[in-house]
Amino acid sequence: MRHVRRLLRALPVVGLMSLLAWPALAAARQPAPPTTPRGQPARPTQPATPPVLETLQGTLSRSANEWRVNGTPLGFGPPWYWRNTTAGADYDGDGRTESIEAELSGLIGTVVTLQGERDRQGEFDVFTINGKPYRDPQGGPPPWAGPPPWARGRGAAPGR
Ligand SMILES: [Ca+2]
């Protein structure tokens, strides 16, 4: 009899605990966020709104790994990317599509018109070079997003 009374006294507590646990259980039942085939969380392919691009015009210069137009530092992605990637267009107009580095080098000392957006560090992230696309103007992930090719098991590690 004592057991029954104890059990009856515990019932509201158990009921209350299951009510409190319900939201957690409901949340646990929701489908998992989308993942890549390797099980990593998928990145959104597009931001909510495309970036508002501004125009920067001036003379292109380079110092080591830093590119500038009239003193403004430019964002072309990490050096491993622009050194080892074939450009998407013949930016320097020499009739050959070379590496991004070679294309940009062909523009040093010339007046270029760039479209892009300034990041928080004041760097101008380049989206077009003289009207030719450099990266997705809709603001999708840049082509250098994610680990470099040699870290993904493709290609040899180039010099940095
Ligand atoms: Ca070229």
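Predicted model: local features only at pLDDT ≥ 70, side-chain atom pairs only at ≥ 80, totals over all residues.
Two strands are taken as paired if DSSP finds at least two bridges between them.

I begin with strand 5 and its partners. Strand 5 and strand 6, the latter covering residues 132-133, run antiparallel and are joined by two bridges. Within this pair, Thr128 has Pro133 of strand 6 as its bridge partner. The hairpin formed by strand 5 and strand 6 has two residues between the strands, and Asn130 takes a positive phi near 50° there.

Strand 4 is also antiparallel to strand 5, with five bridges joining them. Here Arg118 stands opposite Phe124 of strand 5. The hairpin of strand 4 and strand 5 has five residues between the strands, and in this hairpin Gly122 adopts a positive phi near 85°.

Strand 3, residues 72-75, runs parallel to strand 5, and two bridges join them. Phe124 in strand 5 is the bridge partner of Leu74.

How many residues of strand 5 are buried? Six of the six are buried, so strand 5 is largely enclosed by the rest of the structure.

I turn now to the nonpolar core. The largest one has 22 residues, and those with the most contacts inside it are Leu74, Phe76, Leu114, Val126, Ile129 and Tyr134. Among the elements that give two or more residues to this core are strand 4 (111-118), strand 5 (124-129), helix 2 (79-84) and helix 3 (100-105).

Finally, which residues does Phe76 touch, leaving aside those up to four places away in sequence? They are Trp67, Tyr81, Trp82, Leu104, Val126, Ile129, Tyr134 and Trp144.

Note on methods. Residues numbered from 1 in each chain as written. Heavy atoms only, no water. Core = buried A, V, L, I, M, F, W, Y, C linked by side-chain atoms within 4.5 Å. Buried < 20%, exposed > 50% of the residue type's maximum accessible area, 1.4 Å probe, protein only. Helix = DSSP H or I, 4+ residues; strand = E, 2+ residues; numbered from the N terminus. Contact = heavy atoms within 4.5 Å.
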